[in-house]
Amino acid sequence: MGRRRWRDGRGLLHIPGSVPVPLEFATSYRARTKGLLGRTSLDGAMLLSPASSIHTFGMRVPIDVAYLDRRLTVLAVRTMPPGRLGLPRPRSRHVLEAEAGAMEGWGLRAGVRVTVSETEEAAGDG
């Protein structure tokens with residue numbers, strides 16, 4: 001399996017048994033550093049890649065966090081309140097963030113393998 005590198009932009013998160021979820025890719029250093037800081041809501045999820053840990057310092061609301069391995073299999077899902085530091089997860093290559101409670105509604109839990117797709121708009125951005 002070749003390594004996949006995405007660009008900052010938009011796409012869809014595909015979770016077995018759930019409708020596709022709008023997705024934002026944060027793959028550049030700048031986009032990963034900003035993440036969800038300053039936001040009070042998110043339509044869908046944000047994928048930080050590469051990433052093995054996150055923090056919620058400066059966040060305004062609690063968030064759900066899913067740690068994914070390189071095959072996009074969920075290693076763990078946690079809800080983190082603002083002002084916390086998540087320790088790095090062994091084998092984690094990507095981190096998904098969403099509004100608190102969203103991942104449970106999508107059926108996202110440890111062991112689930114997700115897929116992602118870029119929209120044409122994201123794939124064409126330079």
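The following legends describe close-up views of a predicted model.

**View 1. The largest nonpolar core and its contributing elements.** This core has 21 residues, and those with the most contacts inside it are Leu13, Ile15, Leu23, Leu96, Trp106, Leu108 and Val114. Two or more residues each are given to the core by strands β2 (21-26), β3 (45-48), β4 (63-68) and β6 (94-99) and by helix α2 (102-106). Another core, of 15 residues, lies apart from the largest one and includes Ala31, Leu36, Met59 and Ile63.

**View 2. The surroundings of Trp106.** Residues up to four places away in sequence are not counted here; beyond them, Trp106 touches Leu13, Ile15, Ser18, Val21, Gly44, Ala45 and Ala98. Of these, Leu13 and Ile15 are also listed, with Trp106 itself, among the residues that have the most contacts inside the largest core.

**View 3. Strand β4, with buried residues on both faces.** Ile63, Val65 and Tyr67 point one way from β4, whereas Asp64, Ala66 and Leu68 point the other way. Ile63 belongs to the core of 15 residues.

**View 4. The pairing of β4 with β5 and β6.** Strands β4 and β5 (residues 74-80) run antiparallel and are joined by 6 bridges; within this pair, Ala66 has Val77 of β5 as its bridge partner. The hairpin formed by β4 and β5 has 5 residues between the strands, and Leu72 takes a positive phi near 70 degrees there. Strand β6 is likewise antiparallel to β4 and is joined to it by 6 bridges. In this second pairing, Leu68 stands opposite His94 of β6.

**View 5. His94, a buried residue of strand β6.** Which category, buried or exposed, applies to His94? His94 counts as buried because its relative accessible area is 4%, below the 20% limit for that term. Its side chain makes a polar contact with the side chain of Ser49 at 2.8 Å. Leaving aside neighbours within four places in sequence, His94 is in contact with Trp6, Leu47, Leu48, Ser49, Ala51, Ala66, Tyr67, Leu68, Asp69, Arg70 and Leu72. This list includes Leu68, the residue opposite His94 in the strand pairing, and Leu72 of the hairpin.

**View 6. The second largest pocket and its lining.** About 220 Å³ of space lies in this pocket. The lining comprises 16 residues, of which Arg32, Leu48, Ser53, Ile54 and His55 are the closest to the pocket centre. Helix α1 (residues 29-34) supplies the largest share of the lining, 4 residues. Leu48 is also one of the residues in contact with His94.

Notes
Residues numbered from 1 in each chain as written. Predicted model: local features only at pLDDT ≥ 70, side-chain atom pairs only at ≥ 80, totals over all residues. Heavy atoms only, no water. Core = buried A, V, L, I, M, F, W, Y, C linked by side-chain atoms within 4.5 Å. Buried < 20%, exposed > 50% of the residue type's maximum accessible area, 1.4 Å probe, protein only. Contact = heavy atoms within 4.5 Å. Pairing = 2+ DSSP bridges. Polar contact = N/O pair within 3.5 Å; in protein donor to acceptor, adjacent residues only side chain to side chain. 1 Å grid on protein atoms, 1.4 Å probe; cavity = no way out; pocket = protein on both sides within 12 Å on 5 of 7 lines; lining within 4 Å. Points joined across faces, edges and corners; volume = space filled by probe spheres on them.
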